[in-house]
Amino acid sequence: MLGPDEDLDILIESKDHVNILRHLRSKKVRNPDLTLYHGKALLGGDKLDKKAGFLFGDDESTRLAVLEQICLSALDVQDHTLANTCLSQLRASIGNESIRFRMLLARCLEAGGESEKATTIYDEVLKTHPANLLALKRKYCLAERTKDRMESLNLYLEQNASDAAGWYEMSKLRKDMGDFAGAAYALEEVVLVCPVDAPAHVALAEAYSTNGDLLLARRHMAQALELDPNNKRALFGLIMVSNDYLENSSSKSNKNKKQQQNNNNADNEHEIEVAKELIKYGANALLTA
């Protein structure tokens, strides 16, 4: 007997509509055309007549999940008539006050350009269910002012601190505000969640560099190259931050020669030699790339 964990091609070949849709839901695959084709076949065509097509028996929860899935896919292809049909059937089954229905209604309002009404629904949902992550996400997406987006994203990250995409969005907002220290903090969280993501290390290094933390910038550029030796952005970045370090060291050395202690001089000389070697390494790597 086939199940939703089977290969999708096998399920399609067997025309197992129920498990095809379950597979798409469980794997979070966004394929509106495939969803609509098998959803309509399952529920009796465009009118989604539950008395026609597939017989669910007592499995009403599966029918509701399919209706919700079809509704979102209909919005993806801008078929608002079909989305409204799904909403009507869901309203008849679970009522218009359920969180599930109201969240779907808000998505339909968004698609129809009624952002204010959708935001009102999300606010109402969050009053009774402050940990509803989808409502927090959608409210952030709809916010227009940077301040509102920041507030919405902060609330979301308080509930879901391990969302790397959310922290990356926060870093972009912080950069837009000129807060590179805040951007670096957000990117540190991204790296904690995704420690083997080379582009995340590059982004963090660039934030550190802009904020003047050249040694930390250099460390993360090097980490990015360890993960992805062919990352040209990291190679250019390594050369730039190493060169900036040399220029800063030369400037400070000229101003503070008499004030520096011997141990500080030794540490500084070591870092200068490391910077020079990294510049050579980066240049050679770019020439042979």
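The report takes a helix pair and then a single helix.

## Basis

The model is predicted, so local features need pLDDT of at least 70 and side-chain atom pairs count only at pLDDT 80 or more, while totals for chains, interfaces and linings use all residues. Residues are numbered from 1 along each chain as its sequence is written, and side-chain values use heavy atoms, with hydrogens and water left out.

## Helices α10 and α11

Helix α10 spans residues 164-176 and helix α11 residues 180-193; they pack at an angle of about 165°, with axes 8 Å apart. That makes α10 roughly antiparallel to α11 (angles over 145 degrees). Helices here are DSSP runs of H or I with at least four residues, and axes are lines fitted to C-alpha atoms over the stretch in contact, with angles from 0 to 180 degrees between N-to-C directions.

In the contact (heavy atoms within 4.5 Å), α10 contributes A164, W167, Y168, M170, S171, R174 and K175. The α11 side consists of F180, G182, A183, Y185, A186, L187, E189, V190 and V193.

## Helix α4

Helix α4 (residues 60-76) has 17 residues and reaches 25 Å from first C-alpha to last, close to the 24 Å expected at 1.5 Å a residue (1.5 Å times one less than the number of residues). Just after α4, Q78 takes a positive phi of about 60°.

Of the 17 residues in α4, 12 are buried (under 20% relative accessible area, 1.4 Å probe, protein chains only). Among them are R63, Q69 and C71. The buried residues of α4 pack against α2 (17-26), α3 (32-43), α5 (80-94) and α6 (99-111).

Notes
Helices (H or I, at least four residues) and strands (E, at least two) are DSSP runs, numbered from the N terminus. Angles under 35 degrees count as roughly parallel, over 145 as roughly antiparallel, 65 to 115 as roughly perpendicular and the rest as oblique. Buried means under 20% relative accessible area, exposed over 50%, partly exposed in between (1.4 Å probe, protein chains only).
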